[in-house]
Amino acid sequence: MNTLDYGLSPELVASLQNHKPLCWFNPAYPGNLPDDAPTSDDVKAAEIRLHSSSGLLSALFPELGENGCITSPLKPVPQLQKRLAGSGTWLLKADHALPVAGSIKARGGFHEVLAYAQSLASDAGICRENDLSVLKSAEARALFSQHAIAVGSTGNLGLAIGVIAAALGFRTVVHMSTDAKEWKKERLRRRGVEVIEHAGDYGAAVDAGRATADADPHCHFVDDENSRLLFLGYAAAARELAAQLAELNRPVDADHPLFVYLPCGVGGAPGGITFGLKAIFGAHVHCFFAEPTASPCMLLRLAAGRRLPVYEIGLDNRTEADGLAVGDASPLVAPLMAAQLSGVFTVTDDDLFRGVAALADTESIAVEPSAAAALPGPEWICNSSAGREYLVRHGLMNRLDDATHVLWSTGGSLVPANEYDRFLARGHSLLSSAKQ
Ligand SMILES: *Cc1c(COP(=O)(O)O)cnc(C)c1O
């Protein structure tokens, strides 16, 4: 196919095909949301559901202690900021440390399973509105044991869904692609989750899971490519971030812009968070996604303005960032991000490993490679020529000293030590070869 046929500039296609890291700025930003977009009331309902689940969650997961909140810290990272010569104030949103599931997937995944359990229980007359503690009753468990929850996943979504669905008493099936890590499959099997492996990529695992679930009326399929409940669970994170920024005395307004950098796979997690943040901060928040150079599915989808899987331009979607190894963006999320997303930058696998090492060396924070994707964000926005054009266009050039940059760290605390040590060693060896 001639590159002109993609509807993209030949330079952009050539850079993507050569795995050259780049930052694409969305020419349609800011745009109007489609009519069928979720509303801020939908996000509010998700926030309430997650809040009212804290008693239930602390009963199901003793490691949560008294307060069963699935929240993560917002941490200043001054040493990292210094190492990467960043301006303004850098903060790390530490979702790699989210309890129980160890990744950002806890937000969307727990929300969807709780919403489904709640709807089954209320249909059966055993759940009153927003009283989720009855979901752990013997009566509710007996009901859930008659139902299955299935999901297709590269790993982290399967972990999150598997853990909570099994804890509530559902029969739980996780369809995984071959690139999913062995330890994730093992961990799920130990919790009584059925793990089915598929030879193809992430999309193939989702398709296979959807097909088997569709054939079973008692099976709810958590559809990572299309789920509003997942999306809204992620969107609820925005309120948490806003409260933490206020606590740290970081205002967000015309004089104090907020930049947020979000690793993107299919787009649900970063898209939901962007949607939630836009509802709170409007034009004062600027959201950017980070994708591996092998899997820039959201970039392609938004730049082309139509479905364009990465394979169609000759990319192979092979990356060590298994949380981001997605070849085709979510059709639910892409139309929303066409209006709300400022841009997308790409990151090589080598840079992901360098980022893992940089976070360990400067801040003693351990993340998986996917979670390090956000790190190059501020440099693209503040120091590239296209980034500076964006800042000029939005009247931000003189506001950088007062800007807040939030790097969203999306996973890693459950990675086994031996696996993490390999990530770190690879990062260190890349950093030391660069110095020679
Ligand atoms: C899933 C995941 C993401 C991205 O979420 P999507 O909804 O797939 O875009 C980012 N980082 C990690 C570690 C993940 O597991």
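**Exercise 1.** In this predicted model, determine how many residues of strand 4 (residues 148-153) are buried, and which of them point one way and which the other.

*Solution.* Begin with the cut-off, by which a residue is called buried when its relative accessible area is under 20%. By this criterion, 6 of the 6 residues in strand 4 are buried, and the strand is therefore described as mostly covered. Next, sort the residues by direction: Ala148, Ala150 and Gly152 point one way from the strand, whereas Ile149, Val151 and Ser153 point the other way, and all are buried.

**Exercise 2.** Find the strands to which bridges join strand 4, and name a bridge partner in each of them.

*Solution.* Take strand 5 (residues 171-177) to start with: 6 bridges join strand 4 to strand 5, and the two run parallel. Within strand 5, Val174 is the bridge partner of Val151. The chain passes from strand 4 through helix 7 (residues 156-168) to reach strand 5, and this β-α-β crossover is right-handed. Then turn to strand 7 (residues 219-222), which is joined to strand 4 by 4 bridges and also runs parallel to strand 4. Here Cys219 is the bridge partner of Ala148.

**Exercise 3.** Describe the surroundings of the ligand, and list polar backbone contacts made by its oxygen atoms.

*Solution.* Start with the residues around the ligand, of which there are 16, the closest being Lys105, Asn156, Gly265, Gly267 and Thr410. Then look at the distances: a ligand oxygen atom lies 2.8 Å from a polar backbone atom of Gly265, one lies 3.0 Å from such an atom of Val266, and one lies 2.8 Å from such an atom of Ala269. Finally, consider the cover, since the ligand on its own has 380 Å² of accessible area, and the protein covers 99% of this.

Technical notes: Residues are numbered from 1 along each chain as its sequence is written. This is a predicted model: local features need pLDDT of at least 70, side-chain atom pairs count only at pLDDT 80 or more; totals for chains, interfaces and linings use all residues. Side-chain values use heavy atoms; hydrogens and water are left out. Buried means under 20% relative accessible area, exposed over 50%, partly exposed in between (1.4 Å probe, protein chains only). Two strands pair if DSSP finds at least two bridges between them. A crossover is right-handed if, with the strands pointing away from the viewer, the path from the first strand over the helix to the second runs clockwise. A residue is near a molecule or strand if one of its heavy atoms lies within 4 Å of it. A polar contact is a pair of N or O atoms within 3.5 Å; within protein, one must be able to donate a hydrogen and the other to accept it, and residues adjacent in sequence count only if both atoms are side-chain atoms. Accessible areas come from the Shrake-Rupley method with a 1.4 Å probe; for residues, only the protein chains shown count as cover.
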